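Please open the structure in your viewer and keep the selection tool at hand.

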Amino acid sequence: MFHPHELAFCGYSGSGKNTLLEKLIPTLSKKYSFTYLKHDVHKFMMDKEGKDTFKAWNGGAHQVFISDPEHSALIERGEVSLVRQKSQFLDDDFVILEGYKNTAIEKIVVIDKDKKILKAVEEGTINNIVAFVGPESDKPQL
């Protein structure tokens, strides 16, 4: 969806996927350039109330871009076009995704302590699984 080399880490809230990625990302960043993409099913907010960019966004701007000498961020309304989605991150070696459990992207499933996510796997709503991480189960694990 986003890069020729991409892998999603998915699991229910509280399963430990963030903890896993917090340990994995610093190690990978020593050798590789990569993008981290997070899929959020909730409304997220990347701006501070009262700031110019917040006012522009709430005023109806289609895109808001902010930058300083070391960082930049772009917020835009709606879905990213397929063309931009396919080309946005090509300068990186690969993409790590968090979430995207109901897509065709290959994924590592982080099993929650109650193993609830395994029901979705058995129902077929989560597919293209390359490995499982978490409490012991009969599934192949890393």
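The stops below begin with a sheet and end with a hairpin.

This is a predicted model, in which local features need pLDDT of at least 70 and side-chain atom pairs count only at pLDDT 80 or more, while totals for chains, interfaces and linings use all residues. Residues are numbered from 1 along each chain as its sequence is written, and side-chain values use heavy atoms, with hydrogens and water left out.

Select the open sheet of five strands, whose order is β2-β5-β1-β6-β7 with parallel pairing. Strands are DSSP runs (E, at least two residues), as helices are (H or I, at least four), numbered from the N terminus; two strands pair if DSSP finds at least two bridges between them. At the edges lie β2 (34–38) and β7 (129–133), each pairing on one side only.

Next, select β2 together with β5 (residues 94–98): five bridges join these parallel strands. Here T35 stands opposite V95 of β5.

Which residues make up the largest nonpolar core? Select C10, V109, I111, I117, L118, A120, V121, I126 and F132, nine residues in all. Helix α4 (residues 117–123) supplies the largest share, four residues. Such a core is a set of buried Ala, Val, Leu, Ile, Met, Phe, Trp, Tyr and Cys residues joined through side-chain atoms within 4.5 Å; buried means under 20% relative accessible area (1.4 Å probe, protein chains only).

Finally, select β3 (residues 63–67) and β4 (residues 72–76), an antiparallel pair with five bridges. A hairpin of four residues connects β3 to β4, and S67 has S72 in β4 as its bridge partner.

Definitions and conventions. Buried means under 20% relative accessible area, exposed over 50%, partly exposed in between (1.4 Å probe, protein chains only).
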